[in-house]
Amino acid sequence: MKEISTHIDLVKEALEEWLSSENASLQESKEKTISEGLFSLQDVEHQLSVFRKNLASNDIEQWIDRAGLNDQLNARGQKVLCLHAGNLPLVGFQTAVGTILAGADYYGKLSQKDPYLLASFLDEVKKQNPNQEIQFSTDLESFRNLEADKVVFAGSDESVPEVKEKIREFNAATSSAKYIVRTAKYSVCFLGKVNTANIKKLTEAMLRYGGKGCRSVAAVVSEHKLDKVKGELEKSIQEYWKENPQHKKPGPNLRYKYAYNYALDKSQLWLQDFLIQESEGMPGSDFTVNWMQGDLKKIEQLKQRYGAKIQSIYTAGKKVSGFDVEDLKYAQSPFLYWKPDGMDTIEQLIEESS
Amino acid sequence: MLSHNFIFDNSIPFKEKARRVFELQKEHNLVYHRFCKAMGSEEIASVKDIPLLPIEAFKEAEIVTPKKENGELPDVWFQSSGTSRMVRSKHFISDPGLYRGSILKGMNQFYDLEDYVIWAYTPRYNENPHSSLIWMLRTLIEEDHTRLSKFLELDKPLDEKSLKEITKSGKKLMLFGAAFGFLDLIEMADQKLPPDTIVMETGGMKTHRLEISKVELHQKLAKGFGLPKSQIHSEYGMTELLSQAYSFGDEWFACVPWMNVSIRDPKNPMKEVDFGEEGLIGIIDLANLYSCSFMLTGDKGIHREDGKFQVLGRWNPKNLRGCNFLIERD
């Protein structure tokens with residue numbers, strides 16, 4: 001086996017090659033994804049542009065340093081089964097890259113809702129480094145008797161037992177396999193100064209991928225009431241939609257929510273395909289963002305109430321101490337080494353493995 | 001204004017009554033008026049087009065038809081159970097006589113009340129005057145002129161002597177109580193009841209987070225009270241309703257004639273799901289003439305062709321926000 005630094009270089013080369021505009025495999029996977037209506041062109045392009053920026057900013061090197069990956073501490077010899085969900089394009093990309101960088105054998109159950117994009121990247125890695133064990137399929141049964149050492153997936157309280165049961169049934173992981181399960185669902189924005197730049201950032205953070213990602217802003221805490229910000233917010237959203245038409249539309253239940261708010265004279269911004277409403281806590285449905293008037297105490301209350309379900313707290317125009325916060329501009333453009341559920345994928349994989 | 005008799009008159013088709021109540025509430029209930037307007041449902045072609053107001057409205061607003069011009073609210077109101085910190089539903093009762101009528105006529109649809117003595121293993125009226133269930137039990141108890149009907153003392157086994165008196169009177173016992181109360185009662189002592197007793201379980205499993213299924217609960221109650229399971233019945237009611245549904249030894253509830261239950265698609269509550277498919281329980285309760293008769297609950301249920309329905313607990317919204325891997329979808 002090559003030294004880990006050589007291995008990392010090969011992964012980087014694969015990434016560079018895959019992300020180059022001439023890469024035929026990526027182009028083909030993009031075309032298939034768009035033509036089959038799986039995701040919008042704008043969302044796919046956005047995701048790819050983020051990865052390109054990550055690469056140009058040496059995020060890989062930083063990630064390796066942060067995780068402490070080296071020749072002694074790595075995941076070589078481990079079989080890692082990754083189950084990728086498909087709520088947004090390339091949602092499993094970071095996990096796949098982390099697993100491969102760590103030196104583990106990668107087995108990926110790709111989402112039926114996003115079967116082409118990640119596959120084209122994995123093909124590129126195989127091409128660059130034929131010794132790297134990479135297998136993937138959209139069918140979990142393909143991993144029957146795999147007996148993986150670690151399983152990584154994102155789930156909810158309801159889905160985790162069912163997924164574990166299926167893995168047991170297929171003997172896809174050993175009985176002592178470590179499960180790295182992510183359950184975070186929401187991100188919160190603590191909005192400070194209301195100005196055009198911050199509203200624009202907030203718009204992107206709420207609406208990119210239809211607001212479906214765990215990094216998408218699901219709740220806003222601001223010193224202002226929604227009514228005060230509504231006009232500027234609506235203008236910004238309409239501008240955003242001109243460039244990024246919303247790909248998936250909500251069901252009629254969203255109108256139901258709007259009608260209920262209207263009946264009770266609650267403050268809301270109704271946009272037909274999206275609803276921003278003044279309401280406490282996290283929204284109970286997709287395509288909805290809750291707006292709360294409040295300060296840091298409100299953020300603390302949300303953290304206490306939702307705990308691990310909160311992925312990130314962002315700020316814009318507000319200095320915050322005492323919380324682990326991210327700048328709102330990174331909500332939909334995270335570093336490659338961002339931590340889903342506060343966990344570093346590489347750290348998790350190399351733990352107890354050296 | 002429509003009268004009680006109109007609501008309870010079985011010679012008028014349910015659909016006609018529902019339409020007229022809809023017209024009334026759409027015009028004179030401010031909250032429901034606004035709801036219909038926002039839904040674009042001011043004009044309807046059939047009863048199926050009537051929009052159901054989410055039941056949490058009773059937690060957040062005063063749902064009264066019509067509201068007095070001076071804003072004065074009725075003196076009688078019911079409140080859902082819960083702690084003082086919880087936001088609880090409040091149902092204002094403009095005409096207690098209508099509720100009384102619904103209780104008595106409703107019970108008589110399924111039981112001959114003349115034959116029964118009512119015992120309530122629940123708090124007394126003066127301990128909880130804003131409970132719609134206890135108000136109902138007090139009404140049933142007051143209706144029994146033998147004076148054998150009563151609220152029982154909690155945390156005490158049933159009195160053998162009183163049980164014998166009921167048998168001697170030629171009447172049958174109908175014992176009301178919440179699931180957790182009954183479980184306490186059967187654990188307390190050997191509580192074998194007269195063989196023709198009906199045990200009426202009134203719910204409360206959600207509130208007390210009982211981790212057993214309804215079927216298991218009824219099996220336990222049948223065994224504990226020494227009765228066949230067919231005599232363990234259930235009542236489905238809530239603060240926001242002035243009518244009740246009943247089940248008779250199985251899990252299927254039947255409605256009184258002025259009430260209708262449909263199972264709605266959570267993605268589109270204007271649409272009913274197919275028989276046997278899970279969805280949100282939607283209710284039309286015409287006895288809610290002076291509040292709102294058209295409600296969408298947060299309960300999960302299924303229904304069948306004869307109008308009977310099952311309650312399967314709370315509906316957990318399938319909020320797919322976040323990267324949730326699901327076997328069937330991914």
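This report describes a chain contact, a helix pair and a sheet in a predicted model.

## Basis

Residues are numbered from 1 along each chain as its sequence is written, and chains are lettered from A and ligands numbered from 1 in the order in which they are written. Because the model is predicted, local features need pLDDT of at least 70 and side-chain atom pairs count only at pLDDT 80 or more, while totals for chains, interfaces and linings use all residues.

## Contact between chains A and B

The contact (C-beta atoms, placed from the backbone, within 7 Å) takes 37 residues from chain A and 26 residues from chain B. On the chain B side, helix H3 (30-39), helix H4 (57-60) and strand S12 (268-272) give two or more residues each; helices (H or I, at least four residues) and strands (E, at least two) are DSSP runs, numbered from the N terminus. H3(B) supplies the largest share of that side, 5 residues.

## Helices H1 and H6 of chain A

The axes of H1(A) (residues 4-19) and H6(A) (residues 117-128) come within 9 Å and cross at roughly 130 degrees. Axes are lines fitted to C-alpha atoms, for helices over the stretch in contact, and angles run from 0 to 180 degrees between N-to-C directions. Residues of H1(A), including A:Leu10, A:Ala14 and A:Trp18, meet residues of H6(A), among them A:Phe121 and A:Val125.

## Sheet of chain A

An open, mixed sheet of 7 strands has the order S8-S9-S10-S7-S6-S11-S12 in chain A; strands pair if DSSP finds at least two bridges between them. The edge strands, S8(A) (268-270) and S12(A) (326-327), each pair on one side only. S12(A) runs parallel to S11(A) (residues 310-316), joined by 2 bridges, and A:Tyr314 stands opposite A:Glu326.

Technical notes. Two residues are in contact if their C-beta atoms, placed from the backbone, lie within 7 Å.
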